[in-house]
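Work through the exercises below with the sequence and the model open. Try each task before reading its solution.

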Amino acid sequence: MPDQSRKLFEVLVRQNEASLIAYLRTMVRDAGLADDLFQETLITAWKRFEQYDQSMPLSPWLRGIALNLARNAGRRQQRECLIFGDAIHIAIETSIERIDGDDWIEKSSALSNCLNELAPHSRELIRRRYEENMTASAIAKLTQSTASRVRKQLQRIREALAQCVAGKTAGATPS
């Protein structure tokens with residue numbers, strides 16, 4: 001890799017380092033594994049940097065590499081290491097472009113904390129809906145409930161998560 005490309009890579013990685021680590025930590029339970037995946041992402045990005053389209057933002061490219069590596073790690077470890085599956089990360093990815101980089105780190109961390117603070121029953125509903133991609137009807141059958149009740153519970157949980165994230169990020173100063 002030419003010296004100019006190497007320097008550009010280093011600068012771009014430094015600018016995206018914190019948000020990439022936060023992104024990985026939303027995917028895996030183990031902080032050590034998240035750090036390993038971060039290093040693996042950087043190595044992969046370094047090897048493929050010549051393929052990177054410099055007219056595009058680096059962050060989505062790095063997140064794509066990280067997501068693929070996390071998926072592979074999840075398959076190797078039978079998904080025990082993953083907190084939530086692809087559905088949540090697709091949702092995160094589609095909304096992340098609307099969030100400023102510094103806000104992303106803060107909001108991602110707040111969301112992780114808020115998810116951990118949910119009651120076990122609520123966490124299980126969220127896990128079934130977004131990780132296992134189960135429909136409200138399928139969840140209702142498992143929980144001996146009705147689909148409309150499950151949808152309402154999920155709506156309330158999402159509202160509670162949004163309020164929790166807003167509360168945890170309210171005192172932050174924008175960059």
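**Exercise 1. Find the handedness of the disulfide of cysteine 114 and cysteine 164.**

Step 1. Confirm the bond. Cysteine 114 and cysteine 164 are joined, S to S 2.0 Å. A disulfide here is a pair of cysteine sulfur atoms within 2.5 Å.

Step 2. Read the torsion. About the S-S bond it is about -90°, so the disulfide is left-handed.

Step 3. Cysteine 114 sits in helix α5 (residues 101–117) and cysteine 164 in helix α8.

Step 4. Check burial. Cysteine 114 has a relative accessible area of 2% and is buried (buried is under 20% relative accessible area, exposed over 50%, partly exposed in between, with a 1.4 Å probe and protein chains only).

Step 5. Count. The structure holds one disulfide.

A note on the source: this is a predicted model, where local features need pLDDT of at least 70 and side-chain atom pairs count only at pLDDT 80 or more, while totals for chains, interfaces and linings use all residues. Residues are numbered from 1 along each chain as its sequence is written, and side-chain values use heavy atoms, with hydrogens and water left out.

**Exercise 2. How are α1 and α2 oriented to each other?**

Step 1. Take the geometry. The axes of α1 (residues 3–27) and α2 (residues 31–48) come within 10 Å and cross at roughly 150°.

Step 2. Classify. α1 and α2 are therefore roughly antiparallel (angles under 35 degrees count as roughly parallel, over 145 as roughly antiparallel, 65 to 115 as roughly perpendicular and the rest as oblique).

Step 3. The α1 and α2 crossing is right-handed.

Step 4. List the contact (heavy atoms within 4.5 Å). On α1, it includes Phe9, Val13 and Leu20; on α2, Leu37, Phe38 and Trp46 are among the residues. The α1 with α2 contact has twelve nonpolar, one polar and four charged residues.

**Exercise 3. Which orientation do α7 and α8 have?**

Step 1. Take the geometry. Helix α7 spans residues 136–143 and helix α8 residues 147–169. Their axes come within 8 Å, crossing at roughly 105°.

Step 2. Classify. α7 and α8 are therefore roughly perpendicular.

Step 3. Name the partners. From α7 come Ala136, Ser137, Ile139, Ala140 and Thr143; they meet Ala147, Val150 and Arg151 in α8. By class, five are nonpolar, two polar and one charged.

**Exercise 4. How many helices and strands does the protein chain have?**

Step 1. Count: eight helices and zero strands.

Step 2. Of the 175 residues, 38% count as buried.

Conventions:
Axes fitted to C-alpha atoms, helices over the stretch in contact; angles between N-to-C directions. Helix = DSSP H or I, 4+ residues; strand = E, 2+ residues; numbered from the N terminus. Nonpolar A, V, L, I, M, F, W, Y, C, P; charged D, E, K, R; others polar. Left-handed = near helix turned anticlockwise from the far one by under 90°.
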